[in-house]
Amino acid sequence: MPDSSQDLLLQNGRVLDPSQGLDRQADVLIRSGRIAAIGPNLAAPEAARLDASGCVVAPGFIDLHAHLREPGREHAETIESGGRAAAAGGFTSVLAMPNTQPVNDSASVTHFIVQTAREQSPVNVFPVGAISEKSCGERLASIGAMREAGIVAISDDGRPVMNSDLMRHAMSYASGFGLTVIDHCEDLDLSAGGQMHEGFTAVRHGLGGISAASEEVMVSRDILLAAKTGARFHVAHLSTAGSLDMVRQAKRRGLPVTCEVTPHHFTLTDEDVKDYDANFKMKPPLRSREDRDAMLEGLADGTVDAIATDHAPHAGSEKMQEFDVAPFGIIGFETALGLALDRLVHTGRISLARLVELFSVNPARIVGLDRGTLKVGAVADITVFDPERRWTYDVNQSFSRSRNTPFHGLALRGGPVATIVTGKIVWQVGS
Amino acid sequence: MRGKGLLGIEPLTAEEIQKILDRARFYQPLQARTGRKLDTLRGRTIIHLFYESSTRTRTSFEIAAKRLGADTVTLSAKGSSVDKGESLLDTLNTLAAMRPDAIVMRHSASGAPHFLARYLETPILNAGDGTHEHPTQALLDALTILDHKPSLAGLRVAIIGDIAHSRVARSNLHLLTKFGASVVFCGPPPLVPRELECFSPNVTRTFRMEEAITDADVIMMLRVQFERQNPHRVPSASEYFRFYGLRLEHLRAARPDAIVMHPGPINRGREISSEVADFPRSAILNQVENGIAVRMAVLDLLLAGESAKPPERPPAS
């Protein structure tokens, strides 16, 4: 949607681009939607200006994991509303998971998403195609045709492929198209009936448990299959210490295995599940303190490749139910960067450069997008953020159509200031 | 306790529980009498809303309310609210708009009354929520134990059966440990999660009946529902009874004055043998009788309040 007719000059920001080892005070000139120059005191009399002093100017953030609910559940979110929320969170691109109604298992659904996003979304939307038809786990979806229509990865997110033989061949087939296979790793037999992490809090609340093992057996299976097929395998919303160890070992063996962690999994634990509030219910569930600490460690030591939101909107009435009945998932676009700055950077766990890797450089590499960089000539997708800005999240001001968040009212240090897609400012703080 | 409802035992202090038990003691003699009912709650309306089938708890609550002179309305909702197309919260808001003084509620979802209590002014009495709590059962169990033992402190209580899915086990665990009793849970390992031991140092678990019963003062058997059970957890009813059913010979290891309890309904030959169920030191029917006294006490303290004048002492029968 953004047009890029006018030149734009970002002045005096801290330009931080780990893709080219860049970290310095400079101006960024954008011309025709692309990066034209980076340097001190650039002259561009015709260009619109944005004062970025005190801010970090980074390659645009890419959310590898989001649910935009369109087509099919537009009461909870649309490509437009989700796109606006993403822009307000500092994201310039989002990957849209295929569990829409209908499932994105064909080129026609992919076309619809691409076209709708082009017309209505302020940010880039890259669809993820289903692995199997209707994500039923029985027959492969038309992966090649979807690739031509614009998918950038495949996943049966939320309805993971239980049949190991199908998964093996899906990985093998996808590798022929250079597509990364993203798996929501959950053994559905092990997690059946589960409502929250299996542990003391679940026993105390009388809620069915979702064991760490239900994730870990699938991470383990998929790593073995990735080794066999040579496919690029990406673990969606990894949440347990055991899964992280397996990814760490796979990387040591040189396998093309990557993983993402959500802000809620590095922020909260199962002990935060209180008063049967379904805003604390998601899959994977909030894990133990040890698991949460392992996520923090993995983010710091490089094992974790990306931060992804798993933005999962549900209309208010759906979450205002018994915990057992309420659907899994929370929204996450608008709080992701604030939580990462507040809980990871300001606590000294990671550097700002590492944060930019996690939000931009690495996600682009994981799915092979020609983004995540500010190199001259690159598409001008840029995230401007202020690491010091203090703000409080008010979900009632959200651009999302849904309000299901555990972070309402949370005070954070650091947040997005402006989001630029193809050279155009699509969101600015206070706008 | 006034105005807050009764959602569980866990949030209560020992003093609050003691107050309920003291009041229940007062109502115990009334149960054996015929005739006159009290007017403590005259003019009060109590809705009994049961989303799960229940014979004894529902009847017991109704009789308790009626013996206190309250007007009662009982609603049985088959299946979940979702099946009816109305959300649970909408249903409760509708009922609350009719201005009952309290809603007694049973629901198959753990935390359903807690969820509702965040939105409703009307006090909610939890008559069992999923696999979470069943506070009045633990109170009546405590009253029953105290009919046979001078105090809860120092007692060894064996709770045997499907602990993982038992709201009775959880409420009893909270109540007993608050009063210094020790609890030993027993059953097949898939039904006795290890996390139980994290509640209190006075909680242990074992997978052997003999070990659980040795020196026990109280043996509390729980119902096992194979039809509602994940079939992966236990092989069969007959194997269950063989290893975890309570038989007369087990009782030799217990203290000579040990009592046997069961929240009911009992399954003879499944978790408890007929001989034990009818055994002289079985307190099972005593529990049922105490259920009414305890529920009268809870309703009285909740609705009449501590400041209200104590009800007229019923004449001895």
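A salt bridge is a side-chain nitrogen of Lys or Arg within 4 Å of a carboxyl oxygen of Asp or Glu. In this predicted model, one such salt bridge is counted between chain A and chain B. The two partners are B:E10 and A:R204, whose side chains come together with an N to O distance of 2.5 Å. On the side of chain A that touches chain B, six residues are nonpolar, four are polar and five are charged.

Chain A brings 15 residues to the contact, and chain B brings 23 residues. Eight residue pairs are in polar contact between chain A and chain B, with both residues at pLDDT 80 or more. The size of an interface is often given as the accessible area lost when the parts come together. Here, about 1700 Å² is buried between chain A and chain B, and carbon and sulfur atoms give 62% of that area.

Three cavities of 30 Å³ or more were found. The largest cavity holds about 50 Å³ of space. Its lining includes A:H184, A:C185 and A:E186, along with A:K283, A:P284, A:P285 and A:R287; the lining of the largest cavity has four nonpolar, two polar and four charged residues.

The second largest cavity has a volume of about 40 Å³. Among the residues that line this cavity are A:P263, A:H264, A:I330, A:I331, A:G332 and A:F407. By class, the lining of the second largest cavity comprises four nonpolar and four polar residues, with no charged residues.

Note on methods: Residues numbered from 1 in each chain as written. Chains lettered and ligands numbered in written order. Predicted model: local features only at pLDDT ≥ 70, side-chain atom pairs only at ≥ 80, totals over all residues. Heavy atoms only, no water. 1 Å grid on protein atoms, 1.4 Å probe; cavity = no way out; pocket = protein on both sides within 12 Å on 5 of 7 lines; lining within 4 Å. Points joined across faces, edges and corners; volume = space filled by probe spheres on them. Nonpolar A, V, L, I, M, F, W, Y, C, P; charged D, E, K, R; others polar. Contact = heavy atoms within 4.5 Å. Buried area = accessible area lost by both parts, 1.4 Å probe. Polar contact = N/O pair within 3.5 Å; in protein donor to acceptor, adjacent residues only side chain to side chain.
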